[in-house]
Structures are given as C-alpha cells and as structure tokens.
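Keep the sequence and the 3D view side by side as you read.

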Amino acid sequence: QLQLVESGGGLVQPGGSLRLSCAASGFNLNNYAIGWFRQAPGKEREGVSCIGRGRGSTNYADSVKGRFTISRDNAKNTVYLQMNTVKPEETGIYYCAASSGLIGLCVFSSAPYDYWGQGTQVTVSS
C-alpha cells in the first residue's frame, strides 16, 4: 500500500511553533514532489508549501513565507513542515500529498498530486 500519514498537529497558541510530519510507506519520497495543503473551516483547500523532487526546490504561499519551512529527510522517508509564529487564521486540517509527475518547481494545484494523507488538525488559539 502507498500511504502518507500526517502527524504533529494539535493545539498551539498564536505566535507559537509546530512541526508537522508526513511519513510515507510503500514508496520512496525521494521520487515525489510533496505538497502541504490546508483546509480551514468553511473554506476551500489551499496550498501552503511544497518541495520538489530532484533538486528539492521549495515553494511557499505568500502568507507563510518567512515563517514556515518545508524540508525532507530522505533517510526517514519523511517530509516536514516547520510552522513558526503561527496565526489563528492558519487553523485547519493540514494534508500532505505526493506527486510523481512534478519535475522542477512544485505547484499548489491539487491535480498533479497522486497520493493524499488523512490530514492532521492544527488549531491556533489562545
């Protein structure tokens, strides 16, 4: 089975930090671009960050640039999203997704992503 499992979500205060993990099983993440998406209550799912395969180029939504960092640990077959100085509006379910087709710069559209995790809840509240 090819699976992605997110973890690390939870309750965090505004301005705090959180690290999300996306662990892959059944396939090697080295060969996939990985995207992080957020679905806030009542809103459509939107891209937060992604990391490409090969060169591993990263991309960030303007709203999180400078505060969030996406990284990949090939030895652990895991991708991380380090979230710093989080804001209440960043509450939502965070999903990771893998794309076998994206080469070079990754994108935030959902279509290129083949596999999706179940999501992990992040709540930013005091």
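## Ser21, a covered residue

Is Ser21 buried or exposed? Ser21 counts as buried because its relative accessibility is 13%, and the cut-off for that label is under 20%. Keep in mind that this is a predicted model.

You can find Ser21 in strand S3. Leaving out residues up to four places away in sequence, Ser21 touches Val5, Glu6 and Ser7, and also Trp36, Thr78, Val79 and Tyr80.

## Ser25, a partly exposed residue

Now move along to Ser25, which is also placed in strand S3, a strand covering residues 18–25. Ser25 has a relative accessibility of 32%, so it counts as partly exposed, a label for values between the 20% and 50% limits.

Which residues does Ser25 contact, apart from neighbours within four places in sequence? They are Gln1, Leu2 and Gln3. Arg72 is 47 residues away from Ser25 along the chain, and the C-alpha atoms of the two are separated by 15 Å.

## An open sheet of four strands

Four strands make up an open sheet with antiparallel pairing, and their order is S1-S3-S8-S7. The edges are taken by S1 (3–7) and S7, and each has a single partner strand, so one side of each has no neighbour in the sheet. From one strand to the next, the twist averages 15 degrees.

Inside this sheet, six bridges connect S3 with S8 in the antiparallel sense. To spot one of them, look at Cys22, whose bridge partner in S8 is Val79. Val79 is also among the residues that Ser21 touches.

How many of the six residues in S5 are buried? The count is five, so this strand, which spans residues 46–51, is mostly covered.

S5 pairs with strand S4 (residues 33–39) through five bridges, in the antiparallel sense. Within this pairing, Ile34 sits opposite Ile51 of S5. S4 and S5 together form a hairpin, and six residues lie between them. Look in the turn for Gly42, which has a positive phi of about 75 degrees. S5 is also joined to strand S6 (residues 58–60) by three bridges, and these two strands run antiparallel. Here Cys50 has Asn59 in S6 as its bridge partner.

## Two salt bridges

How many salt bridges does a search of the whole structure find? The search finds two. One of them joins Arg38 to Glu46, with the closest N and O atoms 2.9 Å apart. Arg38 has a relative accessible area of 6%, so it is buried, while Glu46 counts as partly exposed because its relative accessibility is 38%.

In another salt bridge, the side chains of Arg67 and Glu90 meet at 2.3 Å, N to O. This pair links distant parts of the chain, 23 residues apart. Arg67 belongs to the loop between S6 and strand S7 (68–73), and Glu90 to the loop between strand S8 (78–83) and strand S9 (92–99). Both Arg67 and Glu90 are buried.

Methods
Residues numbered from 1 in each chain as written. Predicted model: local features only at pLDDT ≥ 70, side-chain atom pairs only at ≥ 80, totals over all residues. Heavy atoms only, no water. Buried < 20%, exposed > 50% of the residue type's maximum accessible area, 1.4 Å probe, protein only. Pairing = 2+ DSSP bridges. Contact = heavy atoms within 4.5 Å. Salt bridge = Lys/Arg side-chain N within 4 Å of Asp/Glu carboxyl O. Axes fitted to C-alpha atoms, helices over the stretch in contact; angles between N-to-C directions.
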